[in-house]
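Have a look first, then read on.

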Amino acid sequence: MGTAVLWEQQVVARRFADRKTLLHPELGAIDVDCQALFTEDRSHALLVLTPRAGSDATEKIRLPAVVGTQSFGS
């Protein structure tokens with residue numbers, strides 16, 4: 001069955017959860033889980049990013065609140 005046929009039948013995969021890596025210029029890679037929430041008519045989406053369990057993402061996300069605008073580079 002071709003993709004066009006599946007699309008016409010609305011048998012398409014919907015991804016509501018995913019994993020992403022954010023690249024911060026000072027902190028480096030921050031691994032997060034991403035959940036997509038849609039309005040009823042799917043005209044708007046809200047992406048909810050949360051620190052990935054078992055990673056150092058929680059500490060990296062909290063760090064800027066502690067050090068403010070201080071630069072980590074040389």
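What follows walks from the overall layout to the sheet and then to a few residues.

**Overall layout**

This is a predicted model. Its secondary structure comes to 2 helices and 3 strands, and reading along the sequence gives you the pattern α-β-β-β-α. The chain has 74 residues, of which 11% count as buried. As for contacts with a separation of 6 or more, residues 24 or more positions apart account for 25% of them.

**The sheet**

The three strands make an open sheet in the order β1-β2-β3, with antiparallel pairing. β1 (17-24) and β3 sit at the edges with a single partner strand each, so one side of each has no neighbour in the sheet. On average, neighbouring strands here are turned by 40° against each other, ignoring direction.

How many bridges hold each pairing? For β1 and β2, the antiparallel pairing runs over 8 bridges, while β2 and β3 pair in the antiparallel sense over 7 bridges.

**The β2-β3 hairpin and Arg 42**

Next comes the loop between β2 (28-38) and β3 (45-51), which is where you'll find Arg 42. The hairpin of these two strands has 6 residues between them. What stands out about the backbone of Arg 42? Its phi is near 60°, a positive value in a residue other than glycine. For context, most residues other than glycine have a negative phi. Arg 42 counts as partly exposed, because its relative accessibility is 41%.

Ala 36 is found in strand β2. Is this residue buried or exposed? Ala 36 is buried, because its relative accessible area of 11% falls under the 20% cut-off. Over in strand β3 there's Leu 46, which is in contact with Gln 35, Ala 36 and Leu 37, once its neighbours within four places in sequence are left aside.

| Pair | Apart in sequence | C-alpha to C-alpha distance |
|---|---|---|
| Ala 36 and Asp 18 | 18 residues | 8.5 Å |
| Leu 46 and Cys 34 | 12 residues | 10.0 Å |

**Arg 52**

Last stop: the loop between β3 and α2 (57-67), where Arg 52 is found. Does Arg 52 count as buried or exposed? Arg 52 counts as buried, because its relative accessibility is 17% and the cut-off is under 20%.

So what is around it? Leaving aside neighbours within four places in sequence, Arg 52 is in contact with Arg 19, Lys 20, Asp 31, Val 32, Asp 33 and Ala 57. With Lys 20 there's also a polar approach to look at: a polar atom of the Arg 52 side chain lies 3.4 Å from the backbone oxygen of Lys 20.

Terms used. Residues numbered from 1 in each chain as written. Predicted model: local features only at pLDDT ≥ 70, side-chain atom pairs only at ≥ 80, totals over all residues. Heavy atoms only, no water. Helix = DSSP H or I, 4+ residues; strand = E, 2+ residues; numbered from the N terminus. Buried < 20%, exposed > 50% of the residue type's maximum accessible area, 1.4 Å probe, protein only. Pairing = 2+ DSSP bridges. Axes fitted to C-alpha atoms, helices over the stretch in contact; angles between N-to-C directions. Polar contact = N/O pair within 3.5 Å; in protein donor to acceptor, adjacent residues only side chain to side chain. Contact = heavy atoms within 4.5 Å.
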